[in-house]
Amino acid sequence: MRVNIDGREIETKHKKTILELARENDIYIPSLCDFKGLEPFSGCRLCLVKVEGMKGYVPSCSVFVKDGMKVKTKTSDIQKLRKNILELILTEHPNACLICEEKENCDEHKATIRKVDEVTGCVLCPNNGRCELQNVVREVGLEKVRFPSFYRDIKVKKDDPFFDRNYNLCILCGRCVRVCRDIRGLSVITFVKRGAKTAVGTSFGRSLLDSGCQFCGACVDVCPTGALTEKAVKYDSPPDKKKDTVCPLCSMGCSLEFNFFKDKFLGANPAGSSPVNSGQACVRGRFALRDVVRSENRIRKPLIRKNNQLEEATWEEALDYASEKIKKYKPDEMAVVTSPQLSCEDIFVFNKFAEKVLKTKHINKKAEGSPLSLVSDACRKNGISLPMQFKLDDISELDAVFLMGGNLMESAPIVWLSVLKALDRGADLITAGFLESPVDRYASKKLRVTPGMESYLLAFLSKCILDDCGGKEFAAEKGFDEFRRSLDGIPYKYLEESTGISIEAVKQTADILRKRDKSGLIFAPQVIGREREEAAAEALLNLAFLSDSRIFPLSVEGNHRGWDAINKDFSEKTKSISEIWNSIKKGQYKALYTAAPLDIPEDDGLELLIVQDSFTGDDLDKADVVLPACVLSETDGSIVNTEGRIQGLRGPLDSLGDAKPDWEIVTKLAGRIGSKDFGYTTAGDIRKEMARKLPRFKDISQTLPKRGKEVFLKEDNEYRKKYIPLNPLNELEKETPQYPLRLVLEHGFDYYRNCLLSEEIAEFDLFRSKQWIKMNKRDTQKYELKEGFPVTLKSKKGQFKGFVHISEYVPEGIVTAYYIPGRDENRADLNLSPVKITRGK
Amino acid sequence: MPEKILTKDFDVKHLFKIDEYMKKGGYKTLTRVLKELKPEDVMSEVKAAHLRGRGGAGFPAGVKWGFVPKDVDKPKYLCVNADEGEPGTFKDRYIMTHNPHLLLEGIVMTCFAVGIHTAYIYIRGEYENMAVRLENAISEAEAKGFIGKNILKTGFDLNVTVHRGAGAYICGEETALLESLEGKRGNPRLKPPFPAAVGLFQNPTVINNVETLSNVPCIMEKGADWFVKQGLSEDGGTRLFGVSGKVKKPGVYELPVGTSLKELVYTYAGGIKSGKKLKAVIPGGMSSPILKPDEIDISMDCASLMKADSMLGSGAVIVLDEDVPIIDVLRKVTQFYSHESCGQCTPCRIGNSWINKIVKRIYRGEGKKEDLDKIEKLASNILGRTLCPLGDAAAMPILSIVKKFRKELESFIKG
Ligand SMILES: Cc1cc2nc3c(=O)[nH]c(=O)nc-3n(C[C@H](O)[C@H](O)[C@H](O)COP(=O)(O)O)c2cc1C
Ligand code: SF4
Ligand code: SF4
Ligand code: SF4
Ligand code: SF4
Ligand code: FES
């Protein structure tokens, strides 16, 4: 295509708007409502241009270029028109500074540099210096506003967490409305009222907290003015430096930009060009991460227990102490606990340490509650091989999505955005789980399964497919006969009763999955106990084979996939963190070296507890030595996201205090104990060794330092199917008048090592508290409870405490609480069992 | 009186009931159309009839239907615009009150022509009685097999649903109507794409006014040639002119397209009340530019009014006599548009609100000398620069009033 803009002939290939083409070619057209990645809105009308052959002026942000098009962007008419329109916008916006003759010299003259909430001019505005309106005024060259200004006088909304909303500064560009609706799928905020009273707001003017806001911050990031500003930095200067990194807080691995002013870390923004999150993030990466990495509770110095007191020590002392003690124990007396929140390099070195130095098999290699690990374990056990890595785009291209387990907005926010894209293109969404969730409103079918009976639901689907098609086409496949027999043994009626789902609903779902070209099964984290989770993973594999669906087993923690890939030599003998915890409880170990948050049981029989963490936690109470570890953002390690993408963290932050990267601590410890195999001086050394020794990590060295290169784990490309017969489940204990409710644990995601986001950040606690015991409103009435009441949940097996949170998503008769593997093992036993709830601590 | 087409039987008692309607020959043409004609036949007949849209823009209906892609594997929709929000307009309610079946018959024929199986009637919220009446009429027609599955055993299916609006003028604009019908805030959409290609729920959609569709049965009954002859200009048929204001006999008059405005005001509507002098006429709903007495010797058809820098719009004729202060008119107009702007685009939202503020100040006697110029500047800054036609609909009458009554307006400004 050839397009002529202002006399310049421009060649272009792809479909794009006039504005996009102009921008690419450095032709300035003022614009305020347009934003890359959002649907054109054409409301501000600043970008109007003249196109030969088209009537009047056309908005360049929504008119696409055509071959031979002739565009004029700078005629005197257009310049005048722009001034007129901008003038109108400024009548509704504090404008004194925008058109002040002295604005360029203001820094010298102004009386105050304080930013305030009642913003009457740019110098007082939190957005000063990073404001698009300022830029546009400068470019358009507006000097006068011929109307008195109209101050809306709307109270600044400050009661919600993380960001303030000052709609006196809003220019109604609608970017926030569009990003929330079109990209995040929420519509928390929208246009309200009409005419001059038009504004952006929530429905019925409720708080964001009460309107389903996920505090993803997307609206803040697109707002061109100071209307939406992040509380934590609104009074700071705009950043003078940015560094690229990856968010370590969940397995999405969002690309983030860390912002600095005079080396002060201001916070993180999602990076626009990332193939993973393209400009989006979630509350954890966008708002919580800053407070987490710079928490007051960071451990800055090594600590050694002396006279029953932890005292600061040097690294020399701490390492000497630890290594001397370690030498005393036999391999079977020692256990190591690693965490999927460590980098690949850390995990590799930890494993090597356990194997070569401690020579113990007691290191956790089985993941808890991670669908990815469950499915990959099931594959290894049964000799199955199928692609489990994917690109998020693969999800956007599905035409049917079966979502097993929970609320993706919380567990995998960026995967959810990809599902939304698929839905936008007409895909069907079927959700299956025991809770309602905000994603359900997009579902064409919701299968509310009885908690714990997930594998039966999946078997139910398989059975429907088989009975519908006769099953001949699968007859020759491995394990099919036995699998079929296991299904034949269960009558439909029993399946309906045990899962609580009607055969019609299951049949329709089976039909969709089987008949659509591109159906996908997304397996999201849910906590239903090891056995049931394993059964569900197996049943999911069967269903994937029968319906020819692709499976997307998600991982949970920042480096779950990397952790799983390094721990690939899974055998019956290796343990999960819960199993190790149970062994500790039984007094099986004398020494424990943990780099994961652990709730150390009473009467553990431990003689030596080495805690390696970045944050102080309850496990310090019993620790003999504490080794301060860097947070991932202080290291140049690598992590593997849920897709299988290996990404470098690139150490944007300096380490705090004496903290060191985990791999370095282990390396030093190994050296102290006398091993010669740990000659690493940089994370790069470890990567080299990994690339040599672990075929899946062949390309790991390429993740640094070049940015933008896509590197994935190497995957075994073989496709080996095998059907796995259905394992009968134990019946769940029934509710009784004494224990009338059923407890279902939900996976907690809001933590980083020993730091609980809701404890660290008061605002986070308002949004989502680890302490919540969620229940239906009717149940709270029945048990005479109110929001926020402290309560105790008791079952025959134990008890724990929390605070009531009323949730429309929890069905009657169920209560939920968060569970973090390792940390909340005392809750695990109670899962799925009948409980009673009592008021008070 | 010239021959009436749409309203000829409106004095029949209980015409809104299907039995009465059928006694008058209702649904006979539909039976013939469905059983004997092909969809293309209906489409070409309507095209030949030069049936222009009666909702405001006056676009030829047959041509609009022709834009709907034929062989698409998507549902198509008809949206009947019964929002009747244009100030001064009260003709659609006349049809829906007296003869809902005429509209329904037109709807079925239209859907047959375009290959549509789902129609929505978007009716303004205040028209509750008419909504009920339409719903009853639909039930009656369903019972008789004129609407529903396998209509008259011809295999043609059509489902018709009434949807009530919630009281915003902008929802009469066709794309805002679609948004509203989809359950969203009624904000106009960007065009292109046009609704014929991407309309309701992203599918091809025809949007027509109540009166437009009510003409289809007569066209199919008597033929395009006959229909064209009923008009006095190029366009076919009659129009329901709703005359209001200071005339002796306000009301709805069905007259040939091209009837003279003067005749309409003086002959049919009985002239100005209490022997007063005519001051001005708004010829096609509040959005149409005002005409002075010396301009009303004009044929009421789209082309002629366009030539006079006004428009036929919804055919709502508002008559003002010498006692009406022009500032009152201007204030009503500017208040209406500044209130009804959906707020999406800058010139319309802020421009209209400033115009309104300035007009109010003139009205209060606090006007300033430069105010009229300011109004003109602001209105010209709206004209042709907004996202949807509401901007123009506001700017045009305002500009015409200021231009034609500048002297009088100046007299309200003291200083
Ligand atoms: C602001 C605005 C309000 C409108 N209100 C109505 C209305 O109330 N009724 C109507 O039939 N058309 C209305 N229209 C015109 C419609 O957009 C559309 O052109 C019409 O429904 C098409 O039908 P027709 O071709 O049969 O006239 C309005 C247009 C605008 C710009
Ligand atoms: S923070 Fe996210 S969810 Fe909340 S209003 Fe903004 S875009 Fe919507
Ligand atoms: S709050 Fe910001 S992004 Fe939203 S409409 Fe106002 S100016 Fe635009
Ligand atoms: S926590 Fe996950 S989704 Fe949120 S910003 Fe970090 S990587 Fe992205
Ligand atoms: S012209 Fe007015 S009504 Fe139309 S989109 Fe713009 S603001 Fe809304
Ligand atoms: S950028 Fe095009 S209208 Fe706002």
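**Exercise 1. The shell around ligand 5**

How do the residues of the shell around ligand 5 divide into nonpolar, polar and charged? Find out also which residues come nearest to this ligand.

*Solution.* Keep in mind throughout that you are looking at a predicted model.
- Step 1: Begin with the nearest residues. There are 14 residues around ligand 5, and those that come nearest are Cys342(B), Cys345(B), Cys348(B), Thr386(B) and Cys388(B).
- Step 2: Next, look for the elements behind the shell. Two or more residues are given by helix H15 (346-363) and by helix H17 (390-404), both of chain B.
- Step 3: Now sort by class. The shell holds eight nonpolar residues, five polar ones and one charged one.

**Exercise 2. A sheet in chain A**

Work out in what order the five strands of the open sheet in chain A are arranged, and which strands stand at its edges.

*Solution.* 
- Step 1: Read across the sheet. The order is S2-S1-S5-S3-S4, with mixed pairing.
- Step 2: Go to the edges. Strand S2 (8-11) and strand S4 (57-59) of chain A each have a single partner strand, so each has one side without a neighbour in the sheet.
- Step 3: Zoom in on one pair. Strand S1 (residues 2-5) and strand S5 (residues 70-72) of chain A are parallel and pair over two bridges. Ile5(A) has Val71(A) as its bridge partner in S5(A).
- Step 4: Helix H2 (residues 76-91) of chain A lies across strand S3 (48-51), S4 and S5 of chain A, and runs at about 160 degrees to S3(A).

**Exercise 3. Buried or exposed?**

Decide for Gln134(A), Asn308(A) and Lys153(B) whether each is buried or exposed.

*Solution.* You need two cut-offs here: 20 or more other C-beta atoms within 10 Å make a residue buried, and 12 or fewer make it exposed.
- Step 1: Gln134(A) sits in helix H4 (residues 132-140) of chain A. It has 20 other C-beta atoms within 10 Å, so Gln134(A) is buried. Apart from neighbours within four places in sequence, Gln134(A) is in contact with Leu98(A) and Cys122(A).
- Step 2: Asn308(A) is found in the loop between strand S13 (303-306) and strand S14 (309-312) of chain A. Its 5 C-beta neighbours inside 10 Å are why Asn308(A) counts as exposed. Notice the backbone too: phi of Asn308(A) is positive, near 60 degrees, although the residue is not glycine.
- Step 3: Lys153(B) belongs to the loop between strand S3 (148-151) and strand S4 (156-164) of chain B. Lys153(B) counts as exposed because it has 9 C-beta neighbours inside 10 Å. Phi of Lys153(B) is near 60 degrees, again a positive value in a residue other than glycine.

**Exercise 4. Where the chains touch**

Find how many residues of chain B are in contact with chain A, and which element gives the largest share.

*Solution.* 
- Step 1: Count both sides. Contact is made by 23 residues of chain B and 24 residues of chain A.
- Step 2: Name the elements. On the side of chain B, helix H14 (326-340) and H15 give two or more residues.
- Step 3: Pick the largest share. H15(B) supplies it, with seven residues.
- Step 4: Sort by class. The side of chain B has eight nonpolar, 11 polar and four charged residues.

Key: Residues are numbered from 1 along each chain as its sequence is written. Chains are lettered from A and ligands numbered from 1 in the order in which they are written. This is a predicted model: local features need pLDDT of at least 70, side-chain atom pairs count only at pLDDT 80 or more; totals for chains, interfaces and linings use all residues. A residue is near a molecule or strand if its C-beta atom, placed from the backbone, lies within 6 Å of it. Helices (H or I, at least four residues) and strands (E, at least two) are DSSP runs, numbered from the N terminus. Ala, Val, Leu, Ile, Met, Phe, Trp, Tyr, Cys and Pro count as nonpolar, Asp, Glu, Lys and Arg as charged, and the others, Gly among them, as polar. Two residues are in contact if their C-beta atoms, placed from the backbone, lie within 7 Å. Two strands pair if DSSP finds at least two bridges between them. Axes are lines fitted to C-alpha atoms, for helices over the stretch in contact, and angles run from 0 to 180 degrees between N-to-C directions.
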